[in-house]
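Trainee: Could we go through this structure together, one question at a time? I'd like to see how each answer is reached.

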Amino acid sequence: VFCFQGPDQDQIKEYLENPPSGIDSRLWKQAQLDNPDPDKLLPVPIVGFSDIRWRAKCQENETKVHTAVLDKISNVIVELKRQNSETIAKIAEYKQRVMDLEHRVLKVLVKQEATRNVGIALRPEEEALRSQLEALHSQVNTPAQFKGRLNELLALMRMQRQESSQGPTERYTMNPEAQEEIHQFLLEFLFAMQQVVQTVNNDLKDLKTMSDGISTLMRESGP
């Protein structure tokens with residue numbers, strides 16, 4: 001049976017107040033001042049090559065332990081990064097699925113609403129909405145309006161690129177970054193306008209379906 005017991009405060013005090021044999025008292029005091037953790041550590045003199053070799057061996061072993069721990073932590077970080085990347089990809093996939101499902105539900109609701117209103121006269125607000133959609137459709141498809149202007153701007157951008165590729169001229173030229181930014185903006189705006197046109201066309205088709213249903217119902221119920 002072995003009993004493990006650390007020194008008490010009196011023994012520690014006596015050890016610190018009496019320098020070991022062959023150690024100058026000033027060096028011993030300085031060693032105590034340089035102690036990084038006086039509550040847990042005590043200065044121990046190193047005498048001879050054997051003590052130095054033993055201390056170097058201890059430090060080497062501790063370094064190996066720390067290196068192993070750091071390698072383990074590094075592997076854990078790499079694995080967490082991989083899992084994080086997979087999670088981000090899955091979240092993006094699920095978001096796209098949700099958007100697709102929302103779009104499908106919206107289409108079903110539109111068809112259901114259009115079918116439910118077959119044979120029912122359009123309400124005043126629906127007539128006003130139909131007029132607004134038709135006006136918007138005509139305005140968007142007018143050559144002198146948005147679509148035509150966008151096509152003109154895109155043509156000007158292409159001409160500007162051709163002129164810049166042929167060499168410097170005396171005319172004012174934009175830097176490539178600004179040209180690319182304007183070009184990208186115009187493409188995005190054109191795409192948005194195309195989506196608006198498509199939405200208007202779909203709404204007009206739904207209104208036409210409702211109107212045709214009302215007309216058919218009125219003919220069938222007529223004399």
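Trainee: Does Glu14 count as buried or exposed?
Mentor: This is a predicted model, where local features need pLDDT of at least 70, side-chain atom pairs count only at pLDDT 80 or more, and totals for chains, interfaces and linings use all residues. Residues are numbered from 1 along each chain as its sequence is written, and side-chain values use heavy atoms, with hydrogens and water left out. Buried means under 20% relative accessible area, exposed over 50%, and partly exposed in between, with a 1.4 Å probe and protein chains only. Glu14 has 51% relative accessibility, so it counts as exposed.

Trainee: Which helix is the place of Glu14?
Mentor: Helices are DSSP runs of H or I with at least four residues, strands are runs of E with at least two, and they are numbered from the N terminus. Residues 9-17 make up the helix in question, and Glu14 sits in α1.

Trainee: Which residues gather in the patch of negative charge on the surface?
Mentor: Patches are made of residues with over 30% relative accessible area and no salt bridge; like charges are joined within 9 Å, and nonpolar side chains (Val, Leu, Ile, Met, Phe, Trp, Tyr) within 5 Å. Lys and Arg count as positive and Asp and Glu as negative, while His and the chain ends are not counted. A charge is placed at NZ of Lys, CZ of Arg, CG of Asp or CD of Glu. The negative patch here gathers Asp8, Asp10, Glu14 and Glu17.

Trainee: Tyr15 is in helix α1 too. Which residues is Tyr15 in contact with, leaving aside its neighbours within four places in sequence?
Mentor: Contact means heavy atoms within 4.5 Å. Tyr15 counts as partly exposed, because its relative accessibility is 30%. Tyr15 and Leu42 are 27 residues apart in sequence, yet 9.1 Å apart in space, C-alpha to C-alpha. With those neighbours set aside, the contacts of Tyr15 are Trp28, Leu42, Pro43, Val44 and Pro45.

Trainee: Let's zoom out. How many helices and strands does the chain have?
Mentor: From the N terminus on, the elements run α-α-α-α-α-α. Counting them up gives six helices and zero strands.

Trainee: What percentage of the residues of the chain count as buried?
Mentor: Accessible areas come from the Shrake-Rupley method with a 1.4 Å probe, and for residues only the protein chains shown count as cover. The chain exposes about 18,700 Å², and carbon and sulfur atoms supply 59% of that. Of the 223 residues, the buried share is 12%.

Trainee: How many salt bridges does the structure hold?
Mentor: A salt bridge is a side-chain nitrogen of Lys or Arg within 4 Å of a carboxyl oxygen of Asp or Glu. Lys64 and Glu60 form one of them, with their closest N and O atoms 3.8 Å apart. The structure's count is five.

Trainee: Why are Lys64 and Glu60 separated by about one helical turn?
Mentor: Glu60 has 38% relative accessibility, so it counts as partly exposed. As for the spacing, both sit in helix α3 (residues 48-116), and they are about one helical turn apart because the gap between Lys64 and Glu60 is four residues.

Trainee: What is the area of the nonpolar surface patch made by Val65, Val69, Leu70, Ile73 and Ile77?
Mentor: Take Ile73, which is in helix α3. Its relative accessible area is 43%, so Ile73 is partly exposed. The patch made by these five side chains' residues, Val65, Val69, Leu70, Ile73 and Ile77, covers about 430 Å².

Trainee: What separates the C-alpha atoms of Val110 and Asp203?
Mentor: Val110 lies in helix α3. At 35% relative accessibility, it counts as partly exposed. Val110 and Asp203 are 93 residues apart along the chain, and their C-alpha atoms are separated by 9.3 Å.
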